[in-house]
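Biologist: I'm new to this model. Could you help me read how its parts pack together?

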Amino acid sequence: MTLEEENKQLKRELQNTQQERDRYKKLFDISADPLSILDASTGKFIECNHAATTMHGVESKAAFLSLSPADISPEIQPCGQFSNDLALEHIGKTINQGPQIFQWEHSRLDGTTFPCLVSLTAIPVDDNFHVLATWRDISTLIHTQNQLEKALSDAKNFEIAYQNEKEKFEQFVNLAPVGIAINDLQTGAFTYVNKEFGRFTGYNIDELNRMDYWQLTPDKYKEQEYQQLALMKEEGRYGPYQKEYIHRDGHIYPVLLSGVRIKATDGKDCIWSVVQDISEQQNVEKALKDAKEQAESANKAKSLFLSNMSHEIRTPMNSILGTLQLLKRDTTETKHDRLITNALYSANALLKIINDILDYSKIESNQLDLENVDFSLEAVAESIMSDMLPIASSKGISLRVNFKNADSKLWKGDPVRIRQVIMNLVSNAVKFTESGGVKIQFNEKRRENVEGLLIKVSDTGIGMSKEAVGTLFERFTQADASVTRKFGGTGLGMSITNNLVSLMNGDIRVASTEGIGTTFTVFIPLQSATQDPTLANSKQTMGPPNLAGKVIVIAEDNEINRELVKSMLEPTGAQLYFAENGKVAVDLVEEVKPDIVLMDIQMPVMDGKDAFRLIRQQDLNIPVLALTANVMSQDIEEYKALGFTGHLGKPFDIQCLYTCLAVHLF
């Protein structure tokens with residue numbers, strides 16, 4: 001080969017080398033990963049690409065080449081070593097041991113840091129080494145790794161929590177006070193039962209897990225079971241419904257079931273059921289039902305006894321009071337008048353005791369109904385004064401009434417029960433006062449925006465101790481035994497008063513000092529009335545009405561009462577016809593065509609109710625009054641429902657009889 005040829009060959013090789021160098025340089029420059037070359041002897045960068053300057057926030061290649069690895073790293077690496085020392089260590093390993101790959105914390109010129117994966121390769125150059133450094137930002141990778149680690153940690157924590165909750169739930173289910181069972185929906189086989197289910201079925205858990213619910217169910221429930229299974233398939237639940245189970249020892253007992261459809265882990269449909277052994281519940285319910293029936297029977301017996309007792313006492317009382325009233329009407333001698341007045345007082349006192357017992361019985365059984373009619377408080381007060389003023393005067397004590405601002409006003413409420421409350425308080429005050437007097441005060445009052453009536457009854461009587469006040473409203477209780485011996489009484493009056501006030505949503509208070517006197521304060525919520533006042537059962541003094549030309553039929557089986565009514569009604573001038581039983585009364589009504597009928601209820605041959613029905617078939621308009629000793633509320637309601645025109649209870653006041661006849665005949 002000539003020199004010229006060698007020269008050409010050398011040029012071609014040089015050109016190829018130059019082209020290859022340019023190609024690698026271009027690849028170096030355009031690489032997306034940062035690349036740099038360090039001089040191992042100086043530790044300085046001698047080459048870098050554009051990606052390196054961009055990643056580190058360096059403005060130019062020249063600026064980057066003036067830096068050392070320590071300048072683009074934080075002072076201390078995450079491992080705790082100084083960056084400069086650790087960089088020299090890695091470079092040394094690269095030269096002595098070969099290429100190195102490791103994680104490195106880089107920094108930008110603005111001070112922010114980021115993790116990188118660094119690769120170092122040593123390149124021998126003459127007697128020196130150059131080191132090619134390649135690195136990649138692995139921030140996203142690290143973030144993803146951290147998230148993965150957190151997810152793994154969370155999953156582990158969740159698994160631990162799940163296991164804990166599962167254990168708790170299994171413990172709860174196993175210790176639940178009701179039976180819990182899981183059955184295969186298709187076969188009915190038990191796949192799980194808790195302890196309680198095993199307890200009341202008599203089987204252990206292993207035995208039940210080899211059984212199905214058909215083995216616990218009597219044959220008579222098969223149709224019902226199929227209905228519940230159909231409901232389960234349609235709606236995903238069943239029950240609650242009641243059936244029976246067969247115990248391991250063979251006896252039958254009641255259970256209450258309800259359940260839902262669930263999916264087992266193997267995908268099979270199962271029934272999750274809650275089962276209760278209701279044997280004890282049914283025993284308790286039966287005992288309660290028996291006790292209720294016994295109580296109702298006892299209450300019915302008590303009511304019947306009270307009704308019969310009331311009737312049997314009132315019938316002769318009617319004769320006694322009626323006779324005394326007639327004697328008082330007809331007597332002219334002062335001495336006899338005083339004796340008759342005393343006898344009337346004693347008879348009325350006995351009647352009050354009877355009424356107290358009946359009232360207490362009605363209150364106790366919640367059978368006392370309150371009226372809500374317009375009434376005049378002044379009329380109520382006059383009625384009380386007419387009863388109590390003669391008694392107070394006979395004892396030489398005063399009885400005064402004071403209306404502050406409530407006298408002329410009309411009220412809406414139950415005047416009979418309000419009168420009873422005031423009458424009980426006033427009669428007690430008069431009874432227990434030997435000197436001085438009794439004062440009744442009425443005052444319109446507003447309490448907590450509720451309109452009402454304030455009633456005060458004050459006396460200068462014997463008073464009460466604190467202990468006596470504490471038991472004042474208890475039934476059958478008086479201040480002490482000496483009070484009963486000296487003044488008499490059943491001890492029911494104040495209990496009834498307190499209950500009546502409570503029924504009217506009011507309250508009663510008492511202040512008393514022994515030897516000085518007592519003051520009762522009663523507040524009853526009442527509304528103002530706008531209509532004409534009426535006072536049920538109020539007394540009106542009047543002579544015998546003129547009933548000349550009127551025909552009255554009186555049905556009464558008691559001969560004494562017939563004579564009594566005859567004596568009371570003869571002064572009226574009415575034509576009187578008497579019947580000793582209901583059948584005779586019906587015949588008389590058809591025969592004489594009376595203007596009014598006074599009908600006793602309990603009579604032989606035909607009672608008053610049957611007689612009334614037959615009379616109504618003859619005449620729909622003739623007034624028929626129930627004149628009877630039956631005064632229980634249920635009796636009065638029955639007579640009203642049957643269609644009786646009115647009711648007058650025995651023993652009746654002669655003035656009430658006259659008033660009643662006048663109302664219905666004119």
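Biologist: Which residues in helix 17 meet which in helix 18?

Modeller: Contact means heavy atoms within 4.5 Å. Here Gly582, Val586, Val589 and Glu590 of helix 17 meet Ala611, Leu614, Ile615 and Gln618 of helix 18. These residues divide into five nonpolar, two polar and one charged (Ala, Val, Leu, Ile, Met, Phe, Trp, Tyr, Cys and Pro count as nonpolar, Asp, Glu, Lys and Arg as charged, the others, Gly among them, as polar). Helices are DSSP runs of H or I with at least four residues, strands runs of E with at least two, numbered from the N terminus. This is a predicted model, where local features need pLDDT of at least 70 and side-chain atom pairs 80 or more, while totals for chains, interfaces and linings use all residues. Residues are numbered from 1 along each chain as its sequence is written, and side-chain values use heavy atoms, leaving out hydrogens and water.

Biologist: How do I read a pair of aromatic rings?

Modeller: By the distance of the centres and the angle of the planes. Rings of Phe, Tyr and Trp (its six-membered ring) pair with centres within 6.5 Å; planes under 30 degrees apart are stacked, over 60 edge-to-face, the rest tilted. The structure holds 13 aromatic pairs. For Phe197 and Tyr245, the centres are 6.1 Å apart and the planes at 80°, so this pair is edge-to-face.

Biologist: Are Phe197 and Tyr245 buried or exposed?

Modeller: Both are buried (under 20% relative accessible area; exposed is over 50%, partly exposed in between, with a 1.4 Å probe and protein chains only). Phe190, Phe197, Phe200, Tyr245 and Tyr253 form one aromatic cluster.
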